[in-house]
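Here are my notes on the model, as numbered points. Please read them alongside the coordinates.

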Amino acid sequence: MSLPPLVPPLKCQGIKTKLVGQIQRLARAQNFERWVEPFCGSCVVPFNVQPEKALLCDTNIHIIRLYQDIQQGKVTPGVAKAFLEEQGALLSSGGEDYYYTVRERFNNQPSSLDFVFLNRSCFNGVMRFNRKGGFNVPYCHKKDRFAQSYVTKITNQVRRMAEVIVLKAQPWAFILSTWHSNEFRKNLLLEKNWTGQEFHVLLREHFYHVGSSEDLRHPMVEALITNFAVEQEHHEPEDNSEQLAFFERAAG
Ligand SMILES: C[S@@+](CC[C@H](N)C(=O)[O-])C[C@H]1O[C@@H](n2cnc3c(N)ncnc32)[C@H](O)[C@@H]1O
C-alpha cells in the first residue's frame, strides 16, 4: 500500500507534495550516497525520500533556521504547540492588528516560531519577502485560524519532521514513544520511518480508562522505538486493566 506523503510544517509556493511519490520511486532506482537539494524550500522531498545523508540548501535563512532548530531540539512539538496555542488566542482576540504585530516582531528579530506562525496564518500561505528581506505577506481573514485541530496538525508535522531529521542521525541512544495501533487504525508512520535493522520496536497493549462509558474505552497498542538492542521484558498485568507485556515485534 502506498502511504500518503509526509507533510512538513511549512508551506511554500511550488511545494512538491504531489510529486514526492514519483520522486521517491525515481530516487530508489538510483544508487547514491548523498541527496543534494539546492532549493529545498519546505523540505517535503527530502522529508519523504529520507536519504541516509543529505545536503539541503536554500537562500531563505528562515527555512534553514527552522529545520536546524527542530534538528537541535530547540523547536519541539511541545514548544510549537504551546506557542501556537498562546499566539493563536492572541490572534483570535487581536485579529489583523495582532498579525501585523507578529510580522513586525519577526522582521525586527526573526525567530523560527514566529516564522511558522506567519507561514500558517498569512494570506494564502504564501512565503514572500521584500527587497530588504522583510516578510510582507498580508493578513488572512480567517476566523479562529489556530483552532485546536489546526494547532494539533502543525504540532504533528513538527513531530514527524523531528523524528525524521533529529533522531535517526544522532550518534546517541534514544527511546521514542509513540502509538502503534488500536482496533480502528494503525500508525503508518512506524512502517515508514522505523523499519531499518538498527531500530527496535517494542509494543505494549494499554487499556485506557478515560472514556466516559465502558464502550468508549478501547485498548491502544503503544510503541517504544529504540536504536539499541533490547531484552524482552515481562510485565505482570496491572490491577483492573488489561496490560500486556512489552514484546519486541516488527513494526508492520
Ligand atoms: C519552489 S521553492 C522549492 C520548493 C521545494 N522543492 C518544495 O517542494 O517545497 C524554491 C526555493 O528556492 C529557493 N531559492 C531561490 N533562489 C535560490 C538560490 N539562488 N539559491 C538557493 N535557494 C534559492 C527559494 O528560497 C525557495 O525556497
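How many helices and strands are there in the chain?

1. There are seven helices and six strands. Both are DSSP runs numbered from the N terminus: H or I over at least four residues for helices, E over at least two for strands. Along the sequence the order is α-β-α-β-α-α-α-α-β-α-β-β-β.

2. This is a predicted model, in which local features need pLDDT of at least 70 and side-chain atom pairs count only at pLDDT 80 or more, while totals for chains, interfaces and linings use all residues. Residues are numbered from 1 along each chain as its sequence is written.

3. The chain has 252 residues, and 26% count as buried (20 or more other C-beta atoms within 10 Å of a residue's own, with C-beta atoms placed from the backbone). Take contacts (C-beta atoms within 7 Å) between residues at least 6 apart in sequence: 60% of them join residues at least 24 apart.

4. Helix 3 (residues 61–71) packs against helix 6 (residues 148–167) at about 75°, and their axes are 9 Å apart. Axes are lines fitted to C-alpha atoms over the stretch in contact, and angles run from 0 to 180 degrees between N-to-C directions. The two helices are therefore roughly perpendicular (65 to 115 degrees).

5. On the helix 3 side, the contact uses Tyr67, Ile70 and Gln71. Helix 6 supplies Val158, Met161, Ala162, Ile165 and Val166. The contact residues divide into seven nonpolar, one polar and no charged (Ala, Val, Leu, Ile, Met, Phe, Trp, Tyr, Cys and Pro count as nonpolar, Asp, Glu, Lys and Arg as charged, the others, Gly among them, as polar).

6. The ligand is surrounded by 15 residues (C-beta atom, placed from the backbone, within 6 Å). The closest are Gly14, Lys16, Phe39, Gly41 and Ser42. By class, the shell holds seven nonpolar, six polar and two charged residues.

Definitions and conventions: Buried ≥ 20, exposed ≤ 12 C-beta atoms within 10 Å, placed from the backbone. Contact = placed C-beta atoms within 7 Å. Parallel < 35°, antiparallel > 145°, perpendicular 65-115°, else oblique.
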